[in-house]
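I opened this entry to look up the pocket and the salt bridges. My notes follow in the order I checked them.

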Amino acid sequence: MMSDSQRSLSVRLSRRGERINHNSQSSKDAEAGFFSPTRLHTDYTLKKIWKAGFLRLLLVGGILWMLLILFALLFHVWSCQSSLSFFSAICNKEGRLYVMLDTIGFVPKPQHRCPIPVAYDPDKVLLLSEKTADTIVRNLTYVTEDESSKSQFPLFGGNISWSEREESFKLKPEMKVHCGFMPRGGAEMSSLDKEYVKKCRFVVATGIFDAYDEPHQPSNISKRSKNLFCFLMVVDEVSLDFLRKNTTVRKDVEGGKWVGIWRLILLKTPPYDEPRRNGKVPKILTHRLFPEAQYSIWIDGKMELIVDPLLILERYLWRGKHTFAIAQHKHHRNIYEEADACKRRKRYARPLVDLHMKIYRYEGLEPWSIKKNTVSDVPEGAVIIREHTAMNNLFSCLWFNEVHLLTPRDQLSFGYVVDRLKGAFKVFMFQNCEYNSLFELHPHIREHSSKIEWVKSLQELKGKGESLKESRGGFGLWTPYPGDLDSVELPKVVRTSKAG
């Protein structure tokens with residue numbers, strides 16, 4: 001039998017052998033490192049578990065994020081319909097939710113151009129045989145003499161009092177309003193031009209004042225439209241001299257002046273000091289300048305018409321039974337936001353723009369919201385398409401009176417007059433991207449500039465600064481207003497567009 005000492009030695013040798021074998025295996029595993037089959041299997045399992053968990057986390061997070069966005073959009077839509085002012089206030093561009101959604105890219109950006117669903121053949125367009133009936137205002141006449149003008153310098157737009165202005169917004173079947181063209185006020189046409197425009201029933205009109213633009217010839221005009229429309233370009237003396245020096249001005253047998261397809265209509269004696277305000281005469285008062293016209297399309301001098309005008313009338317008036325169409329502004333719907341942009345871009349004296357807005361605010365003009373049931377309060381005024389009905393003519397007169405009395409920024413006045421007429425005036429506002437598909441936009445030859453654009457305070461317009469004031473326009477800004485404008489606080493504006 002084995003002795004105790006031999007048994008003990010055997011156990012120790014056996015244990016030592018196991019340790020040697022274990023150390024030998026460990027050294028082999030260490031030498032294999034990351035390439036060990038055991039190690040590879042373990043790492044692969046861990047990575048697989050981690051990857052699956054990460055994907056689940058990512059998927060759950062994405063679903064939660066989409067649900068949050070969907071909830072925010074549904075809440076936004078509901079808030080716009082809410083009768084609670086707190087919720088309805090956030091549905092417009094000033095709302096924080098709108099700004100947040102716009103920031104993360106969930107508010108659609110306006111297109112630059114979009115297709116216009118016009119007919120393709122002008123020869124197949126049917127002309128309307130009857131004018132749109134005048135139902136609210138049946139007879140519109142114009143003030144031709146002011147009692148106050150006997151003692152004051154004659155003004156093209158007349159010496160309109162605040163009470164007369166207020167009365168002009170009260171609709172009646174028979175109405176008589178100020179509408180420019182006061183005796184000795186300027187903007188006279190020659191007898192030759194007056195005779196020519198008497199035959200014009202369909203008009204495409206444009207204007208160049210102070211040599212601000214160069215003429216652009218329309219393209220894609222059908223033979224039928226050339227025979228149907230009068231293409232009239234209204235100019236002042238400065239622009240006519242510029243055209244004579246820089247382009248070909250031809251005369252017809254009767255003495256009429258032409259540049260390409262455009263018949264030049266000279267307005268003698270500019271009615272205003274400010275060229276921008278002079279440009280509003282043919283733009284807004286087209287029905288007074290061309291009294292026989294039934295339809296007109298106004299385009300600013302910087303625009304080149306690239307669509308047949310007959311197709312434009314069919315698309316924007318006749319097809320939808322509209323009588324007045326204008327594009328909506330690309331950036332703004334709120335008049336107060338547009339006013340802020342005018343000040344930033346120095347389009348008129350900042351304190352006078354504020355005064356203009358204070359008058360509208362005092363008279364109850366609210367910032368645009370979806371509750372107004374209008375597409376926008378701010379148009380893109382470079383194109384106006386209209387039938388010359390009594391209501392449309394009245395609107396044009398009231399719109400022009402605002403431009404005459406206050407600032408020449410007509411986009412600030414348009415929505416105000418629409419608001420005052422309380423739904424009686426119907427306007428079709430189409431997408432701005434369609435406007436960009438009707439015309440080619442060209443740059444101005446130079447920048448308009450007048451000293452009053454740089455005025456920063458009303459103090460600058462006192463004393464020696466009196467000479468900066470316009471002598472024939474904007475009198476409403478200096479006539480005592482029958483209300484406490486000092487107490488008026490303008491709505492806060494959140495700028496929603498750097499370009500605007």
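**Largest pocket**

I looked up the largest pocket in this predicted model and found about 1100 Å³ of space in it. It is lined by 41 residues, and those closest to its centre are Asp300, Lys302, Glu380, Arg409 and His444. I then listed the elements that give two or more residues to the lining: strand 3 (202–208), helix 9 (275–284), helix 12 (335–344), strand 11 (379–387), helix 15 (410–420) and helix 16 (432–438). Helix 9 contributes the most, with 5 residues. Sorted by class, the lining holds 12 nonpolar, 15 polar and 14 charged residues.

**Salt bridges**

I searched the whole structure and got 22 salt bridges.

I checked Glu470 and Arg277 and noted a salt bridge between their side chains, at 2.7 Å from N to O. Glu470 sits in the segment after strand 13 (439–441) and Arg277 in helix 9, so this pair ties together parts 193 residues apart in sequence. Glu470 counts as buried at 10% relative accessibility, and Arg277 is buried at 0% relative accessible area.

Next I took Asp410 and Lys283, whose closest N and O atoms are 2.7 Å apart in a salt bridge. Asp410 belongs to helix 15 and Lys283 to helix 9, so the pair ties together parts 127 residues apart in sequence. I noted both Asp410 and Lys283 as buried.

I also looked at Asp354 and Lys343, which form a salt bridge at 2.8 Å, N to O. Asp354 is in helix 13 (residues 350–362) and Lys343 in helix 12, 11 residues apart. Asp354 counts as partly exposed, at 23% relative accessibility.

Last, I recorded one network in which salt bridges with shared partners join Arg165, Glu166, Glu363, Glu402 and Arg420.

Technical notes. Residues are numbered from 1 along each chain as its sequence is written. This is a predicted model: local features need pLDDT of at least 70, side-chain atom pairs count only at pLDDT 80 or more; totals for chains, interfaces and linings use all residues. Side-chain values use heavy atoms; hydrogens and water are left out. On a 1 Å grid over the protein atoms alone, a cavity is a set of points where a 1.4 Å probe fits but cannot get out, and a pocket is an open set with protein on both sides within 12 Å along at least five of seven lines; lining residues have an atom within 4 Å of a point. Grid points are joined across faces, edges and corners, and a volume is the space filled by probe spheres set on the points. Helices (H or I, at least four residues) and strands (E, at least two) are DSSP runs, numbered from the N terminus. Ala, Val, Leu, Ile, Met, Phe, Trp, Tyr, Cys and Pro count as nonpolar, Asp, Glu, Lys and Arg as charged, and the others, Gly among them, as polar. A salt bridge is a side-chain nitrogen of Lys or Arg within 4 Å of a carboxyl oxygen of Asp or Glu. Buried means under 20% relative accessible area, exposed over 50%, partly exposed in between (1.4 Å probe, protein chains only).
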